[in-house]
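Let's take a walk through this fold together, starting with its sheet and moving on to the helices. Keep the 3D view open as you read.

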Amino acid sequence: MILLTGGSGRLGQALQALVPGMICPDSRTLDVTCPGSVERAVQGARPDVIVHAAAFTDVQAAQARPAECWNVNVNGTRWVAQAAQGVHAKLVFISTDYVFDGRRGQYREHEPPGIPTTFYGLSKLVAEEAARACADHLIVRTSFRSSPFPHPVAFTDQFTSQDYVDVIAPELALLITRARALSDAVLHVGTERKSVYDLARRRSGSVRPGRRAEASLSLPADVSLDVTRWRELKAGWGVP
């Protein structure tokens, strides 16, 4: 049995369509910022796997509302990890490429992240440590966008392995269904390295090119992920 937090989000909705039978309590039933709510929901369901996708993901809003972001991302992950440990569930924590400082890109799972450039990235990096409180954990660093590209400008000098949610969600669904058998503690899931502008142009022909200097906050230059290990796993399963 699989329990999913964050089922109302873009990723959560996509995963529900791809992984039938998941338990997806709403935020009134499982409020990740309330340890009692988390404990009751997890003890009631007693899942084998918990996919923790609930998060404060608005990078700009996180700069303005750091306490709210921290409460959801760090404290929420702490409560979910403790509850998962209590029922001996596997915790699959959905993290982000923004935990890296972005100085060079093509980061591998074992490499130190450096100092994140955004408060959102910092909160998710600390949340990764909170997730490790569950003995059986898998931290998945990934990144996705809604489609079409949601902004009028995309940066030519910011590089990423992210893709659209309809591309990333099937990858994560495959991982989730095989999570219990995986021994990895961290996995990177994404597509090839490209600029955010190149990604945007795939589905938004009117998007304009821009530079990171135009942004209202400091964004990392290159948070592309090395996904060699994920490709090796899929090849071993016979999945293209």
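Two strands are said to pair here if DSSP finds at least two bridges between them. With that in hand, turn to the sheet of this predicted model. It is an open sheet of five strands, and their order is β1-β2-β3-β4-β9, with parallel pairing. At the edges lie β1 and β9 (186-188), each of which pairs on one side only. Going from one strand to the next, the twist averages 20 degrees. Helix α5, residues 119-131, packs on this sheet and touches β3 (90-96) and β4 (137-142). The direction of α5 makes about 165 degrees with that of β3, and because angles over 145 degrees count as roughly antiparallel, the helix runs roughly antiparallel to that strand.

Strand β1 covers residues 2-5, and its partner β2 covers residues 49-52. The two pair in the parallel sense over four bridges, with Ile2 standing opposite Val49 of β2. Where do the side chains of β1 point, and are they buried or exposed? Ile2 and Leu4 point one way, Leu3 and Thr5 point the other way, and all of them are buried.

Now for the helices. Two packed helices are described by the angle between their axes and the distance between the axes. Take α1 (residues 10-18) and α6 (residues 165-177): their axes come within 9 Å and cross at roughly 55 degrees. The helices α1 and α6 are therefore oblique to each other, and their crossing is right-handed. On the α1 side, the contact is made by Arg10, Leu11, Ala14, Leu15 and Leu18. Facing them from α6 are Val165, Ala169, Pro170, Leu172, Ala173 and Ile176. Sorted by class, this contact has 10 nonpolar residues, no polar ones and one charged residue.

Helix α6 also meets α8 (residues 228-237). Which way does this pair cross, and at what angle? The axes of α6 and α8 come within 12 Å and cross at roughly 65 degrees, which makes α6 roughly perpendicular to α8. The crossing of α6 and α8 is left-handed. Here Glu171, Leu174 and Leu175 of α6 meet Trp230, Lys234 and Trp237 of α8. By class, the contact of α6 with α8 has four nonpolar, no polar and two charged residues.

Notes. Residues numbered from 1 in each chain as written. Predicted model: local features only at pLDDT ≥ 70, side-chain atom pairs only at ≥ 80, totals over all residues. Heavy atoms only, no water. Axes fitted to C-alpha atoms, helices over the stretch in contact; angles between N-to-C directions. Parallel < 35°, antiparallel > 145°, perpendicular 65-115°, else oblique. Left-handed = near helix turned anticlockwise from the far one by under 90°. Contact = heavy atoms within 4.5 Å. Nonpolar A, V, L, I, M, F, W, Y, C, P; charged D, E, K, R; others polar. Buried < 20%, exposed > 50% of the residue type's maximum accessible area, 1.4 Å probe, protein only.
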